[in-house]
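Here's a walk through the model, going from ring pairs to cores to the pocket. Keep the viewer open while you read.

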Amino acid sequence: MAEAAAPRRFSTVWLALAVVVGLLLGYAGGLLTPIVRAPDDTSAEAGFARDMSVHHAQAVELAMIAYQKATNEDVRSLAYKIVTTQQAQIGVMKRWLEEWRLEPTGSQPRMAWMPGGGEPLANGLMPGMATNQEVDRLRQSSGKDVDRQFVELMIRHHLGGIHMVEGLLKVSHRPEVVTLATVMKNGQQNEITVMRDLQRDASN
């Protein structure tokens, strides 16, 4: 009987050890998973978060000018929406970088994360962005010129942003990134429709 009990005790000890080891591994895995799975410094997700934050920041700048100076109330309303929406999205992307333990700026050139994006940028600017001269011209304009210039600049700006989003969606499957990028694309497509309607109304 004693000899029969020994193997059972031996098996029980190993089973207990296996359970303890399994629990420890599971606990460690739960702690380490966010770190291991977080996008790295050269990932498309990190590059997108950094570059789109800069892209959005210019949209906010242009929209603030339009909100303060536009004569058309529909233009002012759109500008206000762009300011609030894109500033909030900048906050989300900055929080991602903090959670991924990455710096706000990376080691890669602008757009290097995007398929085909490593080519030299026109005027050193990302797709759709206004030049400093265009921003200054909008700031110095008045009356209906503000409405017209803002709509023209922002349509181009949104088209560039959508281009960047589509590039990200080809390579990223990270849920929170894909979700926000899709929201950006849909929102900016809708705003382009609104702005083109404003252009048609202004020309009639």
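## Rings, cores and a pocket

Phe48 is buried, and Trp113 is buried too. Keep in mind that this is a predicted model. The rings of Phe48 and Trp113 form an edge-to-face aromatic pair, with 5.7 Å centre to centre and 85° between the planes. That pair ties together distant parts of the chain: Phe48 belongs to helix H2 and Trp113 to the loop between H3 and H4, 65 residues apart. A second pair is made by Trp96 and Trp100, whose ring centres are 5.7 Å apart with the planes at 20°, so this one is stacked. Trp96 and Trp100 are both buried. In total, the structure has 3 aromatic pairs.

**The overall layout**

How many helices and strands does the protein have? There are 6 helices and 0 strands, which reads along the sequence as α-α-α-α-α-α. Of the 204 residues, 38% are buried. If you take the contacts with a separation of 6 or more, 79% of them are between residues 24 or more positions apart.

In soluble globular proteins, nonpolar side chains tend to be buried together. Here, the largest nonpolar core has 25 residues, and those with the most contacts inside it are Leu62, Ile82, Leu138, Phe150, Val151, Met154 and Met195. Helices H2 (44-69), H3 (73-99), H4 (132-140), H5 and H6 each supply at least two residues of this core. Which helix gives the most to this core? That's H5, with 7 residues.

Beyond its neighbours within four places in sequence, Met195 is in contact with Leu78, Val151, Met154, Ile155 and His158. Apart from this core lies another one, of 23 residues, which includes Ala44, Met111, Met164 and Ala181.

Ile155 sits in helix H5 and counts as buried because its relative accessibility is 7%, below the 20% cut-off. Leaving out neighbours within four places in sequence, Ile155 is in contact with Ile192, Met195, Arg196 and Gln199. Ile155 and Arg196 are 41 residues apart in sequence, yet their C-alpha atoms are 8.0 Å apart in space.

Gln149 is also found in helix H5. Is Gln149 buried or exposed? Its relative accessible area is 10%, so Gln149 is buried. Not counting residues up to four places away in sequence, Gln149 touches Arg137, Leu138 and Ser141.

**The loop between H3 and H4**

Most residues other than glycine have a negative phi. Two residues in this loop have a positive one: Arg101 is in the loop between H3 and H4 with phi near 60°, and Met111 lies in the loop between H3 and H4 with phi near 70°. Their exposure is worth a look: Arg101 counts as exposed because its relative accessibility is 66%, whereas Met111 is buried, with a relative accessible area of 2%.

Leu121 is in the loop between H3 and H4 as well. At 25% relative accessibility, Leu121 counts as partly exposed. Setting aside residues up to four places away in sequence, Leu121 touches Arg110, Met111 and Met126.

| Residue | Relative accessibility | Class |
|---|---|---|
| Met111 | 2% | buried |
| Ile155 | 7% | buried |
| Gln149 | 10% | buried |
| Leu121 | 25% | partly exposed |
| Arg101 | 66% | exposed |

**The largest pocket**

The largest pocket has a volume of about 240 Å³. Its lining is made of Thr71, Asn72, Val75, Lys144, Asp147, Arg148, Val151, Glu152, Leu198, Gln199, Asp201 and Ala202. Helices H5 (144-171) and H6 (175-203) each supply at least two residues of that lining, and H5 gives the most, with 5 residues. How many residues of each class line the largest pocket? There are 4 nonpolar, 3 polar and 5 charged residues.

Terms used: Residues numbered from 1 in each chain as written. Predicted model: local features only at pLDDT ≥ 70, side-chain atom pairs only at ≥ 80, totals over all residues. Heavy atoms only, no water. 1 Å grid on protein atoms, 1.4 Å probe; cavity = no way out; pocket = protein on both sides within 12 Å on 5 of 7 lines; lining within 4 Å. Points joined across faces, edges and corners; volume = space filled by probe spheres on them. Helix = DSSP H or I, 4+ residues; strand = E, 2+ residues; numbered from the N terminus. Nonpolar A, V, L, I, M, F, W, Y, C, P; charged D, E, K, R; others polar. Core = buried A, V, L, I, M, F, W, Y, C linked by side-chain atoms within 4.5 Å. Buried < 20%, exposed > 50% of the residue type's maximum accessible area, 1.4 Å probe, protein only. Contact = heavy atoms within 4.5 Å. Phe/Tyr/Trp six-rings, centres within 6.5 Å; stacked < 30°, edge-to-face > 60°.
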